[in-house]
Amino acid sequence: MHCALYTAGSCRSCQWLEKPYSQQLADKQHHLQTLLAGRQVAQWLAPAAGQQGAFRNKAKMVVSGSVERPLLGMLHRDGTPVDLCACPLYPASFAPMLTLLKTFIARAGLTPYNVARKRGELKYLLLTESTLNGEVMLRFVLRSESKLTQLRAALPWLQQRLPQATVISANIQPVHMAILEGEREIPLTERQALEERFNQVPLYIRPQSFFQTNPQVAADLYATARDWVQALAIDSMWDLFCGVGGFGLHCARAQTRLTGIEINAEAIACARQSAAALGLRQVNFQALDSTHFATAEGEVPQLVLVNPPRRGIGQALCDYLHRMAPDYILYSSCNAQSMAKDLAMLPDYRIERVQLFDMFPHTAHYEVLTLLVRG
């Protein structure tokens with residue numbers, strides 16, 4: 001993949017861009033195998049890869065520059081801005097949308113936030129596109145509500161020129177720190193959920209819910225989890241750290257008793273909407289802390305699926321899983337190092353199979369799916 005920004009030295013986020021892609025995959029696989037070298041793995045599957053460019057469905061743009069000439073991209077540590085509208089990780093549809101949004105920022109008078117001076121209002125633009133129908137979710141991250149009236153007044157102009165932006169909101173983030181968003185979300189359109197579809201499973205993305213940024217590889221990851229779980233013929237499972245429910249909804253059959261737990265209430269609303277669309281009746285999604293839920297629950301399911309943040313599931317949940325002893329644990333991880341530490345705390349489980357999913361080409365990061373079997 002060629003990137004003019006990388007060649008010019010303006011952006012080095014893709015640290016491995018000069019490395020041949022086959023070597024990137026080999027290096028990631030070697031890293032994973034080294035982390036699990038102390039455990040016997042019954043089956044290593046070949047890494048799953050997707051497109052090398054134009055694969056991201058989401059742009060997280062720092063807004064800088066002036067209100068007349070805004071820049072969308074990132075800031076170096078010294079405060080120097082870099083415009084990323086031409087980043088080759090984004091699909092071709094993003095560049096014209098981002099160009100239009102620059103014009104809109106000027107028309108609406110949304111002054112870009114200046115980090116050094118602690119002045120201005122518009123901090124970030126967050127743009128997410130559905131691969132299902134090309135519809136878009138657009139979020140304006142503001143320092144305060146002072147520009148909301150101006151934003152609302154100018155919005156019809158943008159909606160006329162960007163009709164695919166069906167979900168629009170403003171997020172209020174008043175803290176002078178590198179925090180992407182605040183707690184308060186203000187809807188600016190009637191619709192507040194973007195529909196996506198992976199492997200014929202409807203999924204919904206709301207403004208404050210997490211969703212994978214590489215749809216092609218994410219769909220492959222979910223389909224693989226479904227195939228592994230359905231081969232086990234289970235009738236009860238937990239989906240912990242479930243997000244919008246992608247794993248559980250893929251793995252559950254009509255007769256499966258599924259409990260999905262996620263602390264983010266927006267994500268749980270999405271999961272419930274998907275379950276209703278699929279007609280699943282034995283599904284219960286709750287907005288709770290996954291560790292607290294698991295350690296307080298008396299029932300033991302046949303399978304526990306965990307998809308934790310980078311820190312992993314931790315000792316408290318590992319100790320509880322060790323004691324409750326479900327037949328199977330399916331671990332999806334975005335940080336193989338923390339996963340390896342967690343697996344070391346589950347000595348009664350053997351590793352049946354492992355597969356790497358290259359969700360983040362040109363970087364050292366990857367996702368991994370691991371099936372653990374008790375005994």
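Let me start with two strands: β2, residues 58–65, and β5, residues 122–129, run antiparallel and are joined by five bridges. Here strands are DSSP runs of E with at least two residues, helices are runs of H or I with at least four, and both are numbered from the N terminus. Two strands count as paired if DSSP finds at least two bridges between them. Within this pair, K58 stands opposite T128 in β5.

This is a predicted model, where local features need pLDDT of at least 70, side-chain atom pairs count only at pLDDT 80 or more, and totals for chains, interfaces and linings use all residues. Residues are numbered from 1 along each chain as its sequence is written, and side-chain values use heavy atoms, with hydrogens and water left out.

Now the whole sheet. Seven strands form an open sheet with mixed pairing, in the order β4-β3-β2-β5-β6-β7-β8. Which strands stand at the edges? They are β4 (81–83) and β8 (184–187); each has a single partner strand, so one side of each is left without a neighbour in the sheet.

Next, the helices. Helix α3, residues 94–108, packs on the sheet and touches β2, β3 (70–75), β4, β5 and β6 (136–142), contact meaning heavy atoms within 4.5 Å. The direction of α3 makes about 150 degrees with that of β5. Axes are lines fitted to C-alpha atoms, for helices over the stretch in contact, and angles run from 0 to 180 degrees between N-to-C directions. Helix α4, residues 148–161, also packs on the sheet, touching β6, β7 (165–172) and β8. Its direction makes about 155 degrees with that of β6.
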